[in-house]
Amino acid sequence: MSPHAVPVESHDGKPPIDLAEFAVTKNAFLPEREPSKRLADAYYEPWENIVAQLPTLIQNGGLGQSIANLPVLSTAHLGTEAEWRRAYSMLAFMTHAHVWGREAPDEILPPQLTLPFLRVSEHLELPPVLTYAGANLWNFSCAGHDFSQIEDLSTMFSFTGTESESWFLLISVAMEAKAAGILHTMMDALWAVKTRDYQVIIEALDDLRRCIQDVSALLERMYERCDPMTFYHEIRPFLAGSKNMEAAGLPRGVFYDEGNGKGVWRQLRGGSNGQSSLIQFFDVVLGVEHHSHGSAGQASYHSEVREYMPGPHRRFLVHAARMGSIRELAMAPPITDAQRRLRDVYVAATQALSSFRDKHIQIVTRYIILPSKHRNLSAAVTTTRRRQNLASSSSSQKADEELTGTGGTRLVPFLKAARDETCHAGKLERSQ
């Protein structure tokens, strides 16, 4: 322990926290084992049958009738937490396929989907919409044991059945898995803030920098097997939610019909990487503050989308934020060599996160901004999708600054602001 450490009571010398309470595993925010590949009870065969052929049903126009023929299934036969998660992902994919799978979006979600989706979402403390958790964290299988090996991964649910969609979703899975262990390391570092154990914090920040760089390297592999035009015109529209989607054909959002005259209009954000608890954890431990990206007085988007994370994960972020501030420690006037090293490794870690966000902006440029300017689509795209959707409403008619993300934000300003706020944290200057 550093000579500057202040003794603090703990349990067996370790921080008094069991990360399993927050559904944090050896794979960070991913499950301990690969997600359930099938719901055990044959009662759920009607759901399984539809999601197994979802791309075909979307293509041949048979999805609407298939959903209309579904019975309203109870969630009473779901057993393990893994089954609840699978049910959530299945219902989320069916919901978005129903809303966005035809020439015009369908603003009415039928009871066959509404009722079980509301119940499953309540159980998992998630909104009834396709979130990052449903599309990524719980939507993969692995041929090996290392979830960061993307070649060993495959998706379970897909809208298009294309390699581009699978690669896009699985890149995020591999990124999450690549951070395995860093949550435990940084929680030890936050605990060390209390005891002023500089060496523990310095080593942890150095590990964090390398972790972020490894995650960034995986993000750059997006270009290998995800085609930009396929992503923009075929995949991205299905990821959209119902919030800020007036131009895409949902001025009131989606009506979740519960039958017997009951139901609620809901405007919910679609799935996006902004809902990744891992990326927000990086912000928390580095003390990066994100401000409003909307009207005056609104909570920041980063705060709002925590409601789109599984309940245990968002509680984990709150807990981590309350443990202590590494940034505050780094901002103290450096007197000792340890304090100077702390500042250096802290700045290096924030620079790595800034660089990650720059790479994300480059991905967005290639996969969203540039395709939005190309009106002459390939024959395959024009013949398979002639629909009003997020892609067509975010058209080349709009300036880059007005493009809407699947989460319902003004995409480019949001990403640039997040990058700039990360850079500001690394300057170790107090806000005015």
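Among the 28 residues of its lining, D283, G287, V288, E289 and H290 are the closest to the centre. Two or more lining residues come from each of α12 (277-286), α13 (301-304), α15 (326-331) and α19 (411-426), and α12 gives the most, with five residues. Helices (H or I, at least four residues) and strands (E, at least two) are DSSP runs numbered from the N terminus.

The model is a predicted one, in which local features need pLDDT of at least 70 and side-chain atom pairs count only at pLDDT 80 or more, whereas totals for chains, interfaces and linings use all residues. Residues are numbered from 1 along each chain as its sequence is written, and side-chain values use heavy atoms, with hydrogens and water left out.

Pockets and cavities are found on a 1 Å grid over the protein atoms alone: in a cavity a 1.4 Å probe fits but cannot get out, while a pocket is an open set of points with protein on both sides within 12 Å along at least five of seven lines, and lining residues have an atom within 4 Å of a point. Grid points are joined across faces, edges and corners, and a volume is the space filled by probe spheres set on the points.

The structure holds five cavities of 30 Å³ or more. The second largest cavity has a volume of about 70 Å³, and its lining includes T95, H96, W100, S242 and Y256. Two or more of its lining residues come from each of α4 (81-100) and β4 (254-259); α4 gives the most, with four residues. The table sets out both linings by class, with Ala, Val, Leu, Ile, Met, Phe, Trp, Tyr, Cys and Pro as nonpolar, Asp, Glu, Lys and Arg as charged, and the others, Gly among them, as polar.

| Space | Nonpolar | Polar | Charged |
|---|---|---|---|
| Second largest cavity | seven residues | four residues | no residues |

D283, one of the residues closest to the pocket centre, lies in helix α12. D283 counts as buried because its relative accessibility is 4%, where buried means under 20% relative accessible area, exposed over 50% and partly exposed in between (1.4 Å probe, protein chains only). Not counting residues up to four places away in sequence, D283 touches V288, H290, H302, L353, R357 and T422; contact means heavy atoms within 4.5 Å.

The largest nonpolar core has 135 residues, of which W47, M186, L205, L208, F281, F282 and F316 touch the most other members. Helix α16 (residues 337-372) gives the most to this core, with 14 residues. Such a core is a set of buried Ala, Val, Leu, Ile, Met, Phe, Trp, Tyr and Cys residues joined through side-chain atoms within 4.5 Å. Beyond four places in sequence, F282 is in contact with I182, L208, C211, I212 and L353.

P110 is found in the loop between β1 (108-109) and α5 (111-124). P110 and G259 are 149 residues apart in sequence and 7.9 Å apart in space, C-alpha to C-alpha.

The chain averages a pLDDT of 89, and 86% of the residues score at least 70; pLDDT is the predictor's confidence in each residue, from 0 to 100. Over residues 1-12 the pLDDT is below 50. Where pLDDT is low, the predicted coordinates should not be read in detail.
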